[in-house]
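Reader: I have a model open on my screen and would like to talk through it with you. Could you take me through it piece by piece?

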Amino acid sequence: MNESYHKPDNRDDIKDRDDGIFLHNLFVLESMFAGFYIAITRGLTPIFLVSIGYGLRDILFFNIIGGILSIIIVNLIYKIGPNTNIKRVLLLSHILERILWSSIVLGLYEKELATLFYIIALASIAPTSVFMSISLFMAFEDEKYRKVLSLRSAVGSATSILGQAIMTITLYTIRTYQKYAILYFLAFIIGVAGSVVTFHIPLREKRSLYKLKNTEVDAESKATNVFLALSFLLASINLLAISWVPRLMIDLNAPDYIAASIGFVQVFASIIASVFWANKRIESYRYALVLLSIIPLLVYITPMPLLHIIIAMINGFALVGANFFAGIMYSGLMKHLGIFKSATLLTATSIFASLIGNGVGYIVASISTTLVFIVASMYGVLGLTIALLAVTEVSPLPKGMVRVYSRILYNSSMNSYLFIVFTISETAKTTLKIVALSLSFIILFLIYRILHYMMVYTSG
């Protein structure tokens with residue numbers, strides 16, 4: 001009689017598998033609450049700021065200040081990173097971000113409070129993004145990372161639809177300013193529920209944050225070129241996101257619930273897009289980048305507010321593809337850059353994009369609204385060009401040619417960066433010398449005047 005024996009699973013393997021599923025579910029659950037909270041706070045704030053009297057240039061200026069603060073924060077995080085308790089700082093920044101975004105509603109009582117809390121809230125996104133990316137990179141690799149990224153995007157988009165729907169209905173049905181207080185309070189409650197989930201995420205540093213392999217020049221050039229391509233593409237989208245609501249409400253006289261529905265349909269498209277892009281080959285993401293580059297022009301040349309809803313669906317679909325591309329590229333560069341640097345660069349990309357988009361947008365907005373959308377389109381085309389010429393994964397060109405373009409762009413970027421740093425450094429030194437010399441003359445003048453009065457007083 002033949003007997004079949006079943007080899008029992010190793011208990012450690014079972015435990016690791018169960019822990020992996022538990023960790024996976026917690027990250028997805030956090031995204032579920034975050035989707036609702038982000039949909040309301042990010043979607044409502046431009047509408048709220050316009051309703052209390054701010055214009056496009058005001059909002060752009062606030063975003064510039066917030067972007068500068070964010071860059072400073074990311075730089076500090078990178079410098080003190082080795083001494084950081086990842087989970088503690090993630091939880092702290094997670095909660096603080098939600099408090100700050102919900103506090104913007106205090107602008108109902110003092111307009112300046114909305115300005116203050118909006119700028120600080122923009123800066124508070126940076127640490128949350130960095131440490132959430134670090135946590136994901138620590139917990140998952142390769143296909144597991146892509147899978148959890150896809151599920152987080154889909155679940156977050158689904159709850160964003162609920163948030164957008166509640167926001168749109170509330171703005172339409174309640175005519176008083178109470179509607180803003182209700183929505184911000186609701187976003188805060190749901191956002192903090194996500195913080196509770198974050199508290200229960202077990203982070204074990206199984207993977208080194210800082211230990212690198214020998215970094216190749218190709219890896220450095222790829223990281224730089226991906227950073228530049230995504231920065232310009234996201235700068236286009238960020239400039240568009242800020243300009244879109246004023247374009248609808250001020251230029252086209254659309255009601256606030258139409259403006260709110262733009263975000264709603266983008267999020268709805270994101271759910272389908274999360275499933276669509278999850279299993280695509282990486283070269284397929286070039287089509288998402290192409291779509292992103294033409295969206296700003298479509299928004300500007302479309303005079304009917306209702307047609308903007310269709311454009312918003314295309315934009316939401318393409319934006320998910322671009323975000324997947326960014327996450328996958330930086331995840332692949334971890335073996336050369338380390339988890340901490342990869343996560344910091346991923347966050348810095350969106351911050352730098354916001355800064356250069358809003359900075360130029362603020363300057364040209366005083367001249368013409370048309371120029372804002374032209375600049376957004378130029379950013380999109382520039383980002384797409386860099387990606388197609390210098391990033392192997394999405395370029396249709398032969399790999400050898402892409403590698404040459406990649407090196408040229410990398411060397412040009414580094415030389416430009418060093419020149420700018422040198423120029424700023426020398427300018428700062430010269431300025432300090434002039435200030436010191438001027439102060440010396442002023443001090444000497446004061447001393448001579450004091451001596452003069454003392455001599456006059458003693459002689460008299």
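Reader: Which residues does threonine 168 touch, not counting residues up to four places away in sequence?
Author: In this predicted model, threonine 168 touches Tyr257, Ala260 and Ser261, where contact means heavy atoms within 4.5 Å. Residues are numbered from 1 along each chain as its sequence is written, side-chain values use heavy atoms, and hydrogens and water are left out. Local features need pLDDT of at least 70 and side-chain atom pairs count only at pLDDT 80 or more, while totals for chains, interfaces and linings use all residues.

Reader: And is threonine 168 buried or exposed?
Author: Threonine 168 is buried, with a relative accessible area of 16%; buried means under 20% relative accessible area, exposed over 50%, and partly exposed in between, using a 1.4 Å probe and protein chains only. Threonine 168 is found in helix H5, residues 142–173, helices being DSSP runs of H or I with at least four residues, and strands runs of E with at least two, numbered from the N terminus.

Reader: Changing topic, at what angle do H8 and H10 pack?
Author: Helix H8 (residues 256–278) packs against H10 at about 40°, with their axes 7 Å apart; axes are lines fitted to C-alpha atoms, for helices over the stretch in contact, and angles run from 0 to 180 degrees between N-to-C directions. That makes H8 oblique to H10, since angles under 35 degrees count as roughly parallel, over 145 as roughly antiparallel, 65 to 115 as roughly perpendicular and the rest as oblique.

Reader: Which residues meet there?
Author: Among them are Ser261, Val265 and Trp277 in H8, and Ala312, Asn315 and Phe324 in H10.

Reader: What about H9 and H10, at what angle do they pack?
Author: Helix H9 (residues 285–301) and helix H10 (residues 307–332) pack at about 140°, with their axes 8 Å apart, and they are therefore oblique to each other. The contact includes Leu292 and Ile295 of H9, and Ala318 and Phe325 of H10.

Reader: Stepping back, how many helices and strands does the protein have?
Author: The protein has 14 helices and 0 strands.

Reader: And what share of the protein's residues is buried?
Author: Buried residues make up 48% of the 460 residues in the protein. As for contacts between residues at least 6 apart in sequence, 84% of them join residues at least 24 apart.
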